[in-house]
Amino acid sequence: MSLTTDIGRRIELVSMDAHFHEISIALYRQEGTNGPEYLIHTYSQLDGAGKRVEFVARAMVALGGMEAVAGDTRRVRFPCGNPHQFACRRIFLEACKWDPAVGLESRPLTIFDKKSDGDLSVVSLGDGAYRITGDAEGDKAAKRRSAIGAGLVKLGEMEWAEETEERFSFPCRQAHDKLVGLLLIRALNVRGVEREQQMAAARGQLLAPSAQKQ
Amino acid sequence: MTGRERVLAAFRREPVDRTPVCNPTSVATVELMDLVDAPFPEANRDPEMMARLAATGYTELGFDTIMPVFTIIQESSALGCKMQWEQKDNWPTVRMREPIWVEPEDVKLPPDFLTHKDTRCVTDAIKILKKQYGDEVAIIGKTMGPWTLGYHCFGVEPFLLMSLDNPGKTKLCLDRMKEATIEYGMAQIEAGADALTLPDHATGDLVSGEYYKEFLLDLHIELVEKLPVPLILHICGRTLDRMDYIAQSGMAAFHYDSKNPPSEAMEVVDNRIALVGNINNPETLFSKGPEEVRQEVYQNLDAKVNLVGPECAIPLQTSIENLKEIPKAVKDWHRDHSTPN
Amino acid sequence: MASINDITNEFVRNEIQEYLEQPDERESVIETFAKISPRMQEIGAALIDGQHKVVDELTLKAIADDIQALEVMDDGLIAAMRIVGIKFRENFIYVPEVLGCARAMKTGMAHIEPILSASGIKPAGRVVMGTVKGDLHDIGKNLCIMMLRGSGFEVFDLGVDTSPDEFLASVEEHEATVMGMSALLTTTMPNMAVTIETFIDEGVRDDVKIMVGGAPVSQEFADDMGADGYGKDAMECVALAKKLVKEQAEVES
C-alpha cells in the first residue's frame, strides 16, 4: 500500500533542513474553498518533524504576511485569497532558513543599498501599490531605484502602474507589506532585470559598429 | 502479466500487455529517503537501507522494476579509488583528479573486489529485494562498463588523452578492466538480478561515434556473451550517431537520453535492440509538472519505444508526483489506444 | 579585406577552408591570420594539430629569437585556439582532440607565463574559478582558465565540487573582481543559484561579478539565478570577464 498520497503540486523544496536533522520539507499548492492554499509537508517520520513543519508555517505567517488556514497548523494562504505563488516560494525558503531560536519578525521596508550608498525605502501607497524612495540623488540613483522596483515587480509578480514607472502594485490590489519587506533584499540583486532594462533602453537606437553585438 | 514478466518480454521484444515502466538508473529522491528513513550517503553503503529505498520505485511510484544501485561508484570504491561520499542531497563521487592507475599493468582486481563493503552492499540488497519482490517486479542490477571505469580509475583527461595518443594501450586497459564488469555482473546475477544496466559513457558529448566502434563495440559483444541476462547499455548525451553500432552489440536494450528524439532513435535501431527512455530529467522531471511528463511519455509510446522511463538517474530533488505520472500516463495511453504493445 | 591566400601557412589555410563554414566567422579568422607572421602561423598550425612537442620547440625558439612573449601568445597560440573552438562546436573534433590542443597550448604557455609575470604587467583582473558543488567535470573550466591566464588574468582555480563557502572565502581572500562557476550536469546547476544566494545572504553580492558557464547552462538560466553573465565557451568567457571587470570598476568608482 503506497504511503505517498496526492497532496497537490509541489512548488518548492528544501532538501536538507538546516534546523532539523536534514529532513526534506516541501511546499505544496492545493486549491482550497476560498482560493489557493499551501501545505507545508515532510515525509520524515522522525519525532519532532511535525513540530518543525508547524514552525515553518508560523514563520511564513510572520515573515510574509500570510495567514493560517483555519484549524490547520500546516497550511497557509494569503489573506487576499490570491495565489502569489512565486512570492510564496520565497517566503517558504526564508521561513525554512529562519533560526527557530530567534524570535520571528518581519523585515523592514527600508534597506541600505551599497550601490547607491544610501537608504532605500518602499512606501506603501494603499490598494497594494508601492513606490521606492531613496536618500541618494541624481540620475544614477534614480536608475538604481528603478532597477530595484523592477526587481520587486519580478519577484512579487507585480505590475507597473500605467501612468508612471515609479509605482507598482499587486494585481490583487491588496497590501502585502511584510512580503515586500522580505523581497526587498533579493530585489537588490536581480541581474536579469537590469539587462532587460538596458536592452529596452537600447531599442531603436542607432549603435556605432563597435558597440553592436559581435 | 506481472511487472517482471512484462519487462523481460519487452527486453526480448515480444508482445506485452502494456509498455513497461522501467528505471535502469536511480529514481531515488530526498523525499523517498525521508519516507523510508534511508538517506544518502548511507543508503549507498548499507544493504537494508539500499533495498528499502530502491523498493519505493515499485511500492510508491509504480514502476515495473526495482534498481538498487543508485550511483556509479560501487566498483570504483572497491578497486581502490578515492571516494567522496557527500550528503543526503548530493551524489557520491569518485575523486577522478586522484586516479589510481596510469598504465595497463596497474589494472588489477583486488582479492576483496566482490566482498568489499560497497560491492557487497549491492549483492546483499539484491538478495533482499529478490526475496521480497522477486516474483512481482524485475530486479535490475548495475555493472560499470570498462570505458566508465577508465574515467574513474585513470582520470577523465588522462584517459581521453591516452585514447588519442595510444589507442592500442587504451584497448589493452579496456580489455583488462572488462574483467571487473564481468565479475561484478555475475555476482549480481547470482544474487538474483533479472537484468543488468551497463553504463559505459562513450557519449557524443565527449567522443565520436567512431570511437564507440573502435574501442567498445567488440568488448560489448563479448560482455553479452559472458553475462547471461538481458543487458541494458546506458550512455548519456547525444548518441544517434552510434546507435547503429550499439544495435549490433547484441545487448537487449539501450537506455537513451532525451537529446535523441524517440522516433529517430527507433528508426536507427530498426528493431535490433529494445529502447528504454527517454524522459528528460533536468527540464521536465525536475523543473516542470505532470502534464509535461505525460507529453514525453506519450512521445515515446507513439514512437513505439519498448520501455519507458527517465533518461538517466533523476535529480534527487525530483517531485514524487512527477515520477508517479509516468506509469499513470503509460496506463492511460494504452487504455486510449486499447491495443497491446 | 584580407583573402585566404594572404595566409602563408598551408595547414592553417586548409583548416579554415575545410572547417569554418560560417562566412562572417571565416572572414574574421582570415583577417586575424593574414596579419600573423609565418613563424607564428607555424606555431598555430602545430597547436591545431595537437603537436605539443612541436609547439614547445617553436615557442622556445621564438622567445630565444627575441620575439615578444605577448606576440607568441596572441598570434601563435590564442588565434589557433579559436579555430579549435569552432571545430569542436561544429562536432568536427571531440574532447580528446581538444585536450590534445589544450595540452599544446599549455606547453607553449609554460614558457610565456613566467615572462609575462616578470614583466610586471598588471593583471587584467583577478578571477576565481570553480566547478560547483557536486560536479566533478572540469575540462571546460580548465580551458577557460587557460584562456583567461593567456589574456592576462590572474586566476585562482578552486577545482571541482566547490561549495558556496569555498567560493566565498576565495573571493574574499583574493579580492577577486570576477568569479566564474561551471556546471556540466543539469543536476548540479541549481548549486549555482545556491552559491549566489549565499553571497546575497552574506551581504557581499555587490563586491564581485559572477559569470556562469557549462554545457547545460543558458543565458536564461543565468538571468533567473541572478548571475552577471553567461559564456558559452572559453572564448566568450574571456570576453565576458573583460566586460565584467570594466563594469565592476565603474560600480566601485
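The model is a predicted one: local features need pLDDT of at least 70, side-chain atom pairs count only at pLDDT 80 or more, and totals for chains, interfaces and linings use all residues. Residues are numbered from 1 along each chain as its sequence is written, while chains are lettered from A and ligands numbered from 1 in the order in which they are written.

Chain A holds five helices and 10 strands. Helices (H or I, at least four residues) and strands (E, at least two) are DSSP runs, numbered from the N terminus. Of the 214 residues in chain A, 35% are buried. A residue is buried if 20 or more other C-beta atoms lie within 10 Å of its own, exposed if 12 or fewer, and partly exposed in between, with C-beta atoms placed from the backbone. Contacts were also examined by sequence separation. Two residues are in contact if their C-beta atoms, placed from the backbone, lie within 7 Å. Among contacts in chain A between residues at least 6 apart in sequence, 57% join residues at least 24 apart.

An open sheet in chain A is built from five strands in the order S1-S2-S3-S5-S4, with antiparallel pairing. Its edge strands are S1 (9-14) and S4 (67-68), each of which pairs on one side only. Two strands pair if DSSP finds at least two bridges between them. S4(A) and strand S5 (residues 75-77) of chain A pair over two bridges, in the antiparallel sense. Within this pair, A:Ala68 stands opposite A:Val76. Helix H2 (residues 85-97) of chain A packs on the sheet. H2(A) touches S1, S2 (25-32) and S3 (35-41) of chain A, and its direction makes about 30 degrees with that of S1(A). Axes are lines fitted to C-alpha atoms, for helices over the stretch in contact, and angles run from 0 to 180 degrees between N-to-C directions.

Ala, Val, Leu, Ile, Met, Phe, Trp, Tyr, Cys and Pro count as nonpolar, Asp, Glu, Lys and Arg as charged, and the others, Gly among them, as polar.

Chain C is also divided, into domain 1 (4-118) and domain 2 (125-252). Their C-alpha centres lie 26 Å apart. Here 13 residues of domain 1 of chain C are in contact with nine residues of domain 2 of chain C. Helix H5 (69-89) of chain C gives the most to the domain 1 side, with seven residues. That side has eight nonpolar, one polar and four charged residues.

Strand S4 (residues 209-213) of chain C is mostly covered, with five of its five residues buried. In a regular strand the side chains alternate between the two faces of the sheet. Both faces of S4(C) are covered: C:Lys209, C:Met211 and C:Gly213 are buried on one side, and C:Ile210 and C:Val212 on the other. Strand S3 (residues 178-182) of chain C runs parallel to S4(C), joined by five bridges. C:Met181 has C:Val212 as its bridge partner. C:Val212 also stands opposite C:Tyr230 in S5(C). S4(C) and strand S5 (residues 229-230) of chain C run parallel, joined by two bridges.

Two helices complete this arrangement. S3(C), helix H9 (residues 190-201) and S4(C) make a right-handed β-α-β unit. S4(C), helix H10 (residues 219-225) and S5(C) make a right-handed β-α-β unit as well. A crossover is right-handed if, with the strands pointing away from the viewer, the path from the first strand over the helix to the second runs clockwise.

In chain B, B:Asp64 lies in the loop between helix H3 (47-59) and strand S1 (65-66). B:Asp64 is buried because 30 other C-beta atoms lie within 10 Å. B:Asp64 and B:Val7 are 57 residues apart in sequence, but 6.9 Å apart in space, C-alpha to C-alpha.

Methods:
Domain bounds come from an automatic or database domain assignment.
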